[in-house]
Every structure is written in structure tokens, then in C-alpha cells.
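Work through the exercises below with the model open. Try each task before reading its solution.

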Amino acid sequence: MKIMKRLLLCTMLMSLSVAMMGQKKLTAAQQQQIVAKINKATAALNELQCDFTQTKSMKMLSKKMQSSGVMYYKKSNKLRWQYNSPYTYTIILNGDKVRIISAKSSKKINVKDNKMFRHVSNIMIDTMTGEGLKSSVDFNVEMYQRDKTY
């Protein structure tokens, strides 16, 4: 369950791009136009690499926890989400296979045999491809605009 919470948190953080304050909510028609643009862009996307910094705030911690790492995506459902600081932890998605590597262990999971990891894997890949913007099963999608940023 702890791994699932981490994976879901990573996915949610990955999909957040800008703060909500000061933005106007887009209409359903405007959202459809943005989703169409995202789908067009992601259809042409073969590979993506980025560094990330993640900041977590928790009620039980007096200060914010910051971690950083690198994320790699390759078309055909390949994703590597790698934390490098303050600890090393890697999640690798490769089609129907998930591998989780920590300092203490390495675990391979076949998502066909594990409903929870199949669902989490689909959410992470759908976030990268833009498919998650179409699904109303898992999330309610709201889009906002500030200047030329969505």
C-alpha cells in the first residue's frame, strides 16, 4: 500500500504544472481544444527526459520534504521515474512489466497479474500521453489559463 501511495503521489505531482491562483477556468469547449492540441503534440512525441524537484508538505512533518531526480519517457509505454536525492528509488514501467528498485530491494511485477499496479501503470502512462485528460473514470479534469499557460 505504501508503494501505491508513492506512485499515485508521483503521478499527481507529475501532472501538476502551474499554481491555480489567478487563473480562469476554461469552458468545456476550450478544454476540448486544449486536449486536441495535447493529443497532437504527444502523438509526435517519441522520447522525453527531464529533471524534477518535488516538494511535499505533510501535517506530521514540521518542514517540507524535498526530493529530486530524473524522468525518462519513451513511446510504447516505457517510463523511468528515478529519485536521486535525498534517497535513491526508481520505478520502471516497460509495457506489462513494472520494476521497483530501492537501496534495499528490487521487485519485478507483471501488471497483468496485479490489478493495483496495472491501474497505477495506466495512470502514469496516460499522464505522459495526455490520455488521462480524456478519462472521467479516474479523475475529474479541470483546466485553467493564465496568460498563455494552461
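Buried means under 20% relative accessible area, exposed over 50%, and partly exposed in between (1.4 Å probe, protein chains only). The model is predicted: local features need pLDDT of at least 70, side-chain atom pairs count only at pLDDT 80 or more, and totals for chains, interfaces and linings use all residues. Residues are numbered from 1 along each chain as its sequence is written, and side-chain values use heavy atoms, without hydrogens and water.

**Exercise 1.** Classify Y87: is this residue buried, exposed or partly exposed?

Solution. Take the relative accessible area of Y87, 25%. Y87 is therefore partly exposed.

**Exercise 2.** Describe how the rings of W81 and Y83 are arranged.

Solution. Start with the rule. Phe, Tyr and Trp rings (the six-membered ring for Trp) pair if their centres lie within 6.5 Å; planes under 30 degrees apart are stacked, over 60 edge-to-face, the rest tilted. The structure holds five aromatic pairs. In W81 and Y83 the centres are 6.4 Å apart and the planes at 75°, so this pair is edge-to-face. W81 is buried at 4%, and Y83 is buried at 3%. Next, Y83 pairs with Y87: 5.6 Å between centres and 35° between planes, a tilted pair. Finally, F52, W81, Y83, Y87 and Y89 form one aromatic cluster.

**Exercise 3.** Which residues does V98 touch, leaving out those up to four places away in sequence?

Solution. Contact means heavy atoms within 4.5 Å. V98 touches I92, L93, K107, K108, I109, V111 and F117, with residues up to four places away in sequence not counted.
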